[in-house]
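Look at the model first, then read on.

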Amino acid sequence: MTNNGFFGPKKTITLKVLRYKPGAIDPPRYDTFRVEANAVTTVLDALEEIKATQDSSLLYRHSCHPASCGTCGMRVNGREQLGCVARLLEQGSDVVVVEPLASAPLIADLVVDMTPFAERFAPAGMRLVRESEFNPEAETPVGVETFTRYEDCIECNICLSACPVANTNPAFIGPAGLAAAYRALVTGERSPAEVFAYVDHDDGVWRCHSAMECSAVCPSNVDPGHKIMALRRELVTYKVKRFFKRG
Amino acid sequence: MAVPIQHKSPAARAVQAWFNPLKRSAGFLAFVLMRITGIGLVVYLLIHMVVIGNLLRGPAGWDSLIQTMKSPWVLALDVVLIAGILIHMLNGLRVTIIGLGFGTQSHKGIFWTLMAVAVLLLAYSAWLVFTK
Amino acid sequence: MATQFHVVVIGGGSTGAALVHDLTLRGLKVTLVERGELTSGTAGRHHGLLHSGGRYAVNDQESAIECIEENQILRKIAPGSFEENDGLFVAITDEDVAYLDKFLAGCEACHIPTRVLTAEQVKRLEPHINPQVKLGVQVPDATMDCWRLPMRFFATAKRNGADIRPYTEVIGMLRTAGIVTGVRVRSHVTGKEYDIKADIVVNATGAWAEKVSEMAGARVPVKPTPGVMVAVRGRWCNMVINRLNKPSDGDIIVPQRGLSVIGTTSWTVEDPDRLGLPEDHVRLMFEKGGELIPAVRHAPMRAAWSAARPLIAEGGAQEGRALPRTFKCFDHKVRDVVEGLVTISGGKGTTMRAMAEATANVVCDKLGIDAPCRTKEVVLLPYWAYYQ
């Protein structure tokens, strides 16, 4: 990962890409493509190359390229990654299998429908921008109250795809939404009552089975597993306090 | 032919989502072990109740049961049972600890430590089962 | 009534996003087609700078004025969408210092607010800055999210009734007696081809504008001019750091989330689908970025990529940075005697709304609709509303 722009020698990699177009490529199949890759070539670069030169009908989601938009989540050799930062030569095999994320309806090829994700994530009420924790020794300039930055979570849906629970329980809020709820609670964006109304039920914070795979695959340092557990602790504390106040 | 998980039946989906630890990390392995041992222990309980039902046949049934139980094959099964209990119990401890918000960032270490404890206890139990 | 007219917009980038929003607010029926995911062309992959205009204040004042105006409007209509930490133009060498007067004069002429800071002040604001820094100028730059900002326009337009169709590629223009009457498209989801009728077709495909207008026998002088960007791990500055000098390679570092994005270079290509990623440009980013903030030289690389600016080369044989960064709307009836097709190109992410306004004005004029632009006031919905 410390590659500072050195491309190194090229190597031919075979991509096996899942293809599906309702009514046209149905049932789904794998198509095989060959691309030249160097040390900085990513899976997304390879897909763009394939689309431009080999098969213009290949569909995948992508936008930004530096792991900031969260659109290019996909399963590369069976593990969820952002295509834009998954380097082809670091996948451990000369044949790389590319598949869509699980736990979201499949639209075509590698494209999944983000609607169910957005419906579960948005009510968490996390703000897009937060106070920046970087360079704490820095003064702020005149006219800027406090340095701000975007939140870590890029809503890529990768954590839900890797979560064994989210894969079989579509009602589960999922790691991203729960982590966002925790952020909304910590920043004061939402009141405890609002946050707990969102997470304190069978398909909320209690549904997690601690596989912690969300944290393992998260490409953006969110550590949702940790935040889910922290949310549980806050919730238990809140309930215990309320119980004794009432008594 | 490729079948994306979205197109699989609920049962096939569960098998893929719950029992495939390939390419996954320690927490996922813990989850898989928890499911397998959990299901195993439930099945054991059912068998156990049927077997214990033999007692209703009186002292003769009891004696033949004890004879079967002493066979090395059944003793080996006992060790498997103990392994299941240990894994499930100690994993439950891990889930409880991190579920309360402690050690969530060192959950992998907790898992491997507890599994090491499970192996030691299992070795000791196996020695007891086969020698005492 | 405006709603009897149907406009098809080709291209789901930031211009297309702002344009469907604008046209929908003016009461037109709008369909947008995009061959891939929304903002998967240039829009998504610029470095994420909400320009103050400072970069163009000396060489290209028309762009600079557009930038500072739009900078203020976007903050108002898309609140909560930016890292509003301002920017610094820093002088590292004596040559940079010599550029100061020109820079300040340019900013003043374009109404870009500035505050001159001493080297000590700059170092206190940005501890990782090159210790050789001589002085700095604070300007109202900001960081934008290249995906979520256009998505706010799409979300609002969709809620207001626009029909947005990603994964739908235009494969031909429908023409009757030389007049463009719609587009023929192929859905990459189903593989099926079909026609969409339109009173006016708008080509908002940026660097792809020439390819698309050729389908109607029209010409657009757009030169796809890519630049390389490199993102390193770590947020080495909180403000946008610019080199106080003429626009050049590696003259900017834009902090964003936990990353610092170094940009950029400039060369010209024929095919915007095949930009490539020159290795020497990538290394140059580390080198030139390191002149601003030395630590980025050794920061782990997160990503390196190219993006194609849609520059307009009208008339002369100019290329690259000599070309203006302003935008232009072409009515092909005037240019190529092709009725029913309008092309918008040039410009930049920061001016997406203004580009849409200018284009919507042309469209409304052509259709004889008298509807004022409302996009300066209407606050945009959150981006995730697109998926609801």
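Q: Into which domains is chain A divided?
A: This is a predicted model, in which local features need pLDDT of at least 70, side-chain atom pairs count only at pLDDT 80 or more, and totals for chains, interfaces and linings use all residues. Residues are numbered from 1 along each chain as its sequence is written, with chains lettered from A and ligands numbered from 1 in the order in which they are written. Domain bounds come from an automatic or database domain assignment. For chain A the division is domain 1 (11-112) and domain 2 (115-246).

Q: How far apart do the C-alpha centres of domain 1 of chain A and domain 2 of chain A lie?
A: The two domains are in contact, with 16 residues of domain 1 of chain A and 16 residues of domain 2 of chain A taking part. Contact here means that the C-beta atoms of two residues, placed from the backbone, lie within 7 Å. The C-alpha centres of domain 1 of chain A and domain 2 of chain A are separated by 28 Å.

Q: Which element of chain A gives the largest share of the side of domain 1 that touches domain 2?
A: Elements are DSSP runs numbered from the N terminus: helices are H or I, at least four residues, and strands are E, at least two. On this side, β3 (73-76) and β4 (79-82) of chain A each supply at least two residues. The largest share is four residues, and the element is β4(A).

Q: Which chains have the most contacts among the two pairs that touch?
A: Chain B and chain C do not touch, and their nearest C-alpha atoms are 16 Å apart. One contact takes 26 residues from chain B and 29 residues from chain A. Another joins 54 residues of chain A to 52 residues of chain C. The pair with the most contacts is chains A and C.

Q: Which element gives the most to the side of chain A that touches chain C?
A: The residues of this side divide into 29 nonpolar, 17 polar and eight charged. At least two residues each come from β6 (106-108), α2 (115-121) and β9 (148-150) of chain A. With four residues, the top contributor is α2(A).

Q: Is α4(B) roughly parallel or roughly antiparallel to α5(B)?
A: The axes of α4(B) and α5 (residues 107-131) of chain B come within 9 Å and cross at roughly 155°. Axes are lines fitted to C-alpha atoms, for helices over the stretch in contact, and angles run from 0 to 180 degrees between N-to-C directions. Angles under 35 degrees count as roughly parallel, over 145 as roughly antiparallel, 65 to 115 as roughly perpendicular and the rest as oblique. So α4(B) is, relative to α5(B), roughly antiparallel.

Q: Which residues make the contact of α2(B) with α5(B)?
A: The axes of α2(B) and α5(B) come within 9 Å and cross at roughly 45°. The two helices are therefore oblique. By class the contact has four nonpolar, two polar and one charged residues. The residues are A26(B), G27(B) and A30(B) of α2(B) and H107(B), K108(B), F111(B) and W112(B) of α5(B).

Q: Which element gives the most to the side of domain 1 of chain C that touches domain 2 of chain C?
A: Chain C is assigned domain 1 (2-42 + 148-221 + 322-387) and domain 2 (47-145 + 223-312). Their contact takes 26 residues from domain 1 of chain C and 26 residues from domain 2 of chain C. Two or more residues on the domain 1 side come from each of α6 (148-159), β20 (341-346) and α10 (352-367) of chain C. The most, three residues, come from α6(C).

Conventions. Ala, Val, Leu, Ile, Met, Phe, Trp, Tyr, Cys and Pro count as nonpolar, Asp, Glu, Lys and Arg as charged, and the others, Gly among them, as polar.
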